[in-house]
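Please consult the sequence and the coordinates alongside the text.

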Amino acid sequence: MSTRCNVQLIFGDTKIWIYRHYDGNFAETGRDLYLKLNDATFDSFLRDIVSDPSYEVTFMQHGDIEYHYEFEWSNQTKLSRIKCSHINTDGTLKGDFYQL
């Protein structure tokens, strides 16, 4: 069974939803996002994710996800918040396992 996730990128009024169908857990997607985030700006982080075939841009949160990653920038170069959540199968929050 696939472990699905959403990644949400927030910069001002811009909110971008990204979906990953498999390996959405922290060990795989969390690590991948961490590596992509290294010294990234909002634009370069978005470009790295969109160019990776494991991810696809979507218009809203998928209903069957198990993990949700949220990255918020206060300006083009300053990441102000990271939140990673584990979601129950009924859609309720199981718990945040990382928050900056």
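The points below are grouped by topic. The model is predicted. It holds four aromatic pairs, and ring pairs link Phe11, Phe42, Phe45, Phe71 and Trp73 into a cluster.

**Aromatic pairs**
- The ring centres of phenylalanine 11 and phenylalanine 42 are 5.1 Å apart with the planes at 40°, so this pair is tilted.
- That pair links distant parts of the chain, with phenylalanine 11 in strand β1 and phenylalanine 42 in helix α2, 31 residues apart.
- Phenylalanine 42 also pairs with tryptophan 73 in an edge-to-face arrangement, at 5.2 Å centre to centre and 80° between the planes.
- This second pair likewise links distant parts of the chain, as tryptophan 73 lies in strand β4, 31 residues from phenylalanine 42 in helix α2.

**Burial**
- Phenylalanine 11 has a relative accessible area of 25% and is therefore partly exposed.
- Phenylalanine 42 has 4% relative accessibility, which means that this residue counts as buried.
- Tryptophan 73 is buried, as is phenylalanine 42.
- Helix α2 (residues 42–50) has Phe42, Ser44, Phe45, Leu46 and Ile49 buried.
- The cover over the buried residues of α2 includes β1 (5–11), β2 (14–20), α1 (26–37) and β4.

**Strand pairing**
- Strands β4 (residues 67–73) and β5 (residues 79–87) run antiparallel and are joined by seven bridges.
- A hairpin of five residues connects β4 to β5.
- Glutamate 72 has arginine 81 of β5 as its bridge partner.

**Charge over rings**
- Arginine 20 places its charged end over the ring of tyrosine 22, 5.2 Å from the ring centre.
- Arginine 20 also lies over the face of tyrosine 55, at 5.1 Å from the ring centre.

Key. Residues are numbered from 1 along each chain as its sequence is written. This is a predicted model: local features need pLDDT of at least 70, side-chain atom pairs count only at pLDDT 80 or more; totals for chains, interfaces and linings use all residues. Side-chain values use heavy atoms; hydrogens and water are left out. Two strands pair if DSSP finds at least two bridges between them. Helices (H or I, at least four residues) and strands (E, at least two) are DSSP runs, numbered from the N terminus. Buried means under 20% relative accessible area, exposed over 50%, partly exposed in between (1.4 Å probe, protein chains only). Contact means heavy atoms within 4.5 Å. Rings of Phe, Tyr and Trp (its six-membered ring) pair if their centres lie within 6.5 Å; planes under 30 degrees apart count as stacked, over 60 as edge-to-face and the rest as tilted. A charge sits over a ring if NZ of Lys or CZ of Arg is within 6 Å of the ring centre and within 35 degrees of the ring normal.
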